[in-house]
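Here are my notes for you to read alongside the model. Take the points one by one and find each spot as you go.

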Amino acid sequence: MKNIVWLVHLMLPYWRRIILALILSVLTISSHIGLMVASAYLLARAALHPPILDLMITIVGVRFFGLSRAVFRYLERYVAHDVTFRVLSQIRVKLYQAIEPLAPARLKNFRSGDMLSRIVADVETQQNLFLRVFAPPFVALLILFGYGLFLACYDVRFSLILAACFLVAGLGIPWGIKALGQGIGHRIVNLKAELATQVADSLLGITELVAYGQAQEHLDKIRQTNINLMDQQRRIARLSALSASLVGMVSNLGLWLVLILGIYLVEKGNLNGVNLGMLALGTFSSFEALFPLALVPHHLEQNQAAAERLLELIKAKPVTKDSGHLSPQSEGLDIVFQDVSFRYEQHEPWALKHLSFRIPQQGKVAIIGSSGAGKTSIINLLLRFWEYDAGRVELGGHSLREYSQEDIRGSIGVVTQRTHLFNATIKENLQIAKPEATEEEIIRAAQQARLHDFILSLPQGYDSLVGEGGFALSGGQRQRLAIARVLLKNAPILVLDEAMAGLDSLTEREVMNEVYQLMEGHLTLVITHRLIGLEKMDEILVLDRGRIVERGTHEGLLEQRGLYQRMREYLS
Ligand code: DUT
Ligand code: MG
């Protein structure tokens, strides 16, 4: 229920349009009733051959209702959908605002297909909320009340018949349909998510699936989920058909009851026979308001299930609190880690244990160590993607927590281990770092990353597309694009996490020299497996299982004859 309250809350700002949509909806059905009533009355009166002038008003009525019904229907659809899409866009904005701070720590447990399904399908499901859940009962009630009053002018027993039919078709049938279709709404929402997850997974891993001959198995799984989803949808279709025929039966019964009562009243002289057909047909057409009611519980269930999944994202708390207001200066930034311990999840082993080191303002520090030693974790803390459990991290003399997260990230240029390139042009991929960059700046950054010549060799130059995830480029070219990107950003702190992976030694040296020259006077943190260019470092930290096991300059470490020396020997 809580999730529906949340959705209603989002609808409240549009209450004027909502009321307008409801009024238009009532007017549409009223026009339908009016058309039937006026036509039946006209036929009955005309059969008695009255002077034509007597029929004039009714003829105008028939024309008016015939036209107004179409006009009101159009306006009602227009306004109702307008409200619906406004609410959907509200939900999308709220969702995006909630998701952004969750990345990457909280989102790693969501599968990408599932996320996609939440963002697309679950949001879209909410378009039924007003159109198929909230509006129909209101409209039905207003019609019952309005037409009930009209009938009461002739005999109150007509109104009672109408009320009884509305009660059966508006409450009884939906209740029965709900009992028959218990849980289908939930299952449909979950199966849709499952299907999206399986499809997204297979598409992302299609190369591996084909290479390992597992494509057919995956296809079978997707097919099975699809069959399950179709089963549920078929059940809904069946229930929908059943409800339509039941409501149809009730309407016909209502028609008959009104006729029988009418004939009785005409015989007793309490009702003018001319009105008989009009009352019966009017009653029959008032049941139009009842048809959408049968599936209200089903749609409500589906809306609730989808809203629950949306709220799960919206209510999730980011792992790091973004409550600081400081903004890092462009100079004088040093980084201090003081006895920092950190793990990704409780009960998991520590990724970093009692880590202490300092990188001075203009210092160059390298972190090396075996895979899984915790090198990337240090950067995750620095960028405030994760929260450290103990100790203190300082930037320019203030705790990292005192800064605004956006500003911290603004002052750190980072090449991560897994660079993401967008399926756009090379230029656009570079402009992410600096949207207002000039042509010259872009070219200079590409030259410094030793990428310019390659780009020029492409038929479209800087306007060449890099393909999905940058797959039209080689691994080393992707990496160099990432380096060019970070050079373009020109942040006071530079962090390179395995940035040179995939580059041949010669290019690596060239790029590194260029980068070091540019970073002269800035703080640089380099993570590398390759142990190239470490002579230039002020300090090298050797990490092992989350602890610093050796530290010193290149020469100092060689003299220590420890892990560093062994790693070097092994490489050479
Ligand atoms: N870890 C997690 N969850 C994550 C990321 C990492 O539990 O989301 C664990 C795996 C590993 C440890 O933390 O045991 C350290 O990981 P990190 O990525 O810091 O290792 P690395 O030194 O960067 O390794 P590599 O050289 O392979 O990149
Ligand atoms: Mg790493």
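**Notes on the model**

1. Let's start with a charged pair: Arg223 and Asp220 form a salt bridge through their side chains, with N to O at 3.6 Å. The term salt bridge here means a side-chain nitrogen of Lys or Arg within 4 Å of a carboxyl oxygen of Asp or Glu. Arg223 and Asp220 are 3 residues apart in helix α9 (residues 215-267), so about one helical turn separates them. (Helices are DSSP runs of H or I with at least four residues, strands are runs of E with at least two, and both are numbered from the N terminus.)

2. Before going on, some ground rules: this is a predicted model, where local features need pLDDT of at least 70 and side-chain atom pairs count only at pLDDT 80 or more, while totals for chains, interfaces and linings use all residues. Residues are numbered from 1 along each chain as its sequence is written, chains are lettered from A and ligands numbered from 1 in the order in which they are written, and side-chain values use heavy atoms, leaving out hydrogens and water.

3. How open to the outside is that first pair? Arg223 is partly exposed at 45% relative accessible area, and Asp220 is partly exposed too, at 37%. (Buried means under 20% relative accessible area, exposed over 50%, and partly exposed in between, with a 1.4 Å probe and protein chains only.)

4. Take Arg450 and Glu510, whose side chains meet at 2.8 Å, N to O. This one links distant parts of the chain, as Arg450 sits in the loop between α15 and α16 and Glu510 in helix α18 (residues 505-518), 60 residues apart. Arg450 is partly exposed at 31%, and Glu510 is partly exposed at 35%.

5. Helix α18 also supplies Glu508, which pairs with Arg530 in the loop between β8 (523-527) and β9 (539-544), so parts 22 residues apart in sequence are tied together. Is Glu508 buried or exposed? Glu508 counts as buried, because its relative accessibility is 1%; Arg530, at 29%, is partly exposed. Elsewhere, salt bridges that share partners join Arg69, Arg73, Glu76, Arg77 and Glu288 into one network.

6. Now the metal. Which residues coordinate the magnesium ion (ligand 2)? Thr376 (OG1) and Gln417 (OE1) do, at 1.9 to 2.2 Å. Thr376 lies in helix α12 (residues 375-382) and Gln417 in the loop between β6 (412-415) and α14 (426-431), so the pair ties together parts 41 residues apart in sequence. Donors are N, O and S atoms within 2.8 Å of the metal (3.2 Å for Na, K and Ca), and sites may look incomplete because water is not among the atoms. Thr376 is partly exposed at 28%, as is Gln417 at 44%.

7. Check the backbone as well. Arg450 turns up again, with a positive phi near 60 degrees in a residue other than glycine. Arg561 is not a glycine either, yet has a positive phi of about 55 degrees. Arg561 lies in the loop between α19 (554-560) and α20 (563-571) and is exposed at 59%.

8. Last stop: the peptide bond from Ala103 to Pro104 is cis, with omega near -5 degrees. Pro104 lies in the loop between α3 and α4.
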